[in-house]
Amino acid sequence: MRIAVVIATAGRPAIVSHALAHVTGQTRTPDRLLVVGSEERDFPIERPAGAMLEWVVGPRGSTFQRNLGLAMVEADADLIVFFDDDFLPQPDWLQQAESALIANPDVLAFTGHVIADGILG
């Protein structure tokens, strides 16, 4: 299964850096990871690099940014995950999602519970 993660961000380069550390540290890493901002300054000055990681600039607004990411990955991903830039997934989030979809191939979408909000203020 090929997994793509799309993170929309705007004006929070430090927060998106923190989120990226959680996504790239997953027990099952994504095959593609897109960070979609509305301008270059949305991204950290020191950007992590990697074969799976792409930095993309598009129209401002989470819907526009998510749709741009979707258009870029939909042809080659079996699972597309949208994370907010301030979402910190559990280390096995992608592995659990992949396992759930393999066990339940009729599932088209799912969500989860926020167990803590406002962690990063």
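**Entry 1: ground rules.** I noted that this is a predicted model, in which local features need pLDDT of at least 70, side-chain atom pairs count only at pLDDT 80 or more, and totals for chains, interfaces and linings use all residues. Residues are numbered from 1 along each chain as its sequence is written, and side-chain values use heavy atoms, with hydrogens and water left out.

**Entry 2: strand 1.** I took helices (H or I, at least four residues) and strands (E, at least two) as DSSP runs, numbered from the N terminus. For burial I used relative accessible area: buried is under 20%, exposed is over 50%, and partly exposed is in between (1.4 Å probe, protein chains only). Six of the six residues of strand 1 are buried, so this strand is largely enclosed by the rest of the structure.

**Entry 3: partners of strand 1.** Which strands pair with strand 1? I counted two strands as paired if DSSP finds at least two bridges between them. Strand 4 runs parallel to strand 1 and is joined to it by six bridges. Strand 2 also pairs with strand 1 in the parallel sense, over five bridges. Val6 stands opposite Leu34 in strand 2 and opposite Phe82 in strand 4. Ala8 stands opposite Asp84 in strand 4. In strand 4 I found a covered face, with Leu79, Val81 and Phe83, and an uncovered one, with Ile80, Phe82 and Asp84.

**Entry 4: the crossover.** Strand 1, helix 1 and strand 2 make a right-handed β-α-β unit. Right-handed here means that, with the strands pointing away from the viewer, the path from the first strand over the helix to the second runs clockwise.

**Entry 5: the cores.** I used "nonpolar core" for a set of buried Ala, Val, Leu, Ile, Met, Phe, Trp, Tyr and Cys residues joined through side-chain atoms within 4.5 Å. The largest one has 16 residues, and Val5, Ile7, Leu33, Val81 and Phe83 have the most contacts inside it. Strand 1, helix 1, strand 2, strand 4 and helix 3 each give two or more residues to this core. Apart from it lies another core of seven residues, among them Ala4, Val6, Val36 and Val73.

**Entry 6: Leu20.** I found Leu20 in helix 1. At 3% relative accessibility, Leu20 counts as buried. Contact means heavy atoms within 4.5 Å. Leaving out residues up to four places away in sequence, Leu20 touches Ile7, Leu33, Val35, Pro48, Leu53 and Trp55.

**Entry 7: helix 2.** Does the length of helix 2 come from its residue count, or what span should its twelve residues have? The expected span of a helix is 1.5 Å times one less than its number of residues. For helix 2 (residues 62–73) this gives 16 Å, and its end C-alpha atoms are 16 Å apart, which agrees. The buried residues of helix 2 are Gln65, Gly69 and Val73. They cover an arc of only 60° around the axis, which puts them on the same side of helix 2. The arc is that of the directions from the helix axis to the C-beta atoms. On the other side, Thr63 and Phe64 are exposed. The buried residues of helix 2 pack against strand 1, strand 2 and strand 4.

**Entry 8: helix 3.** Here the buried residues are Leu94, Ala97, Glu98 and Leu101. Seen down the axis of helix 3, they fall within an arc of 100°, so they line one face of the helix. They pack against strand 1 and strand 4.

**Entry 9: two loop residues.** Is Thr9 buried or exposed? Thr9 is found in the loop between strand 1 and helix 1, and is buried, with a relative accessible area of 1%. Pro59 lies in the loop between strand 3 and helix 2, and at 48% relative accessibility counts as partly exposed. Not counting residues up to four places away in sequence, Pro59 touches Ser38, Phe64 and Gln65.
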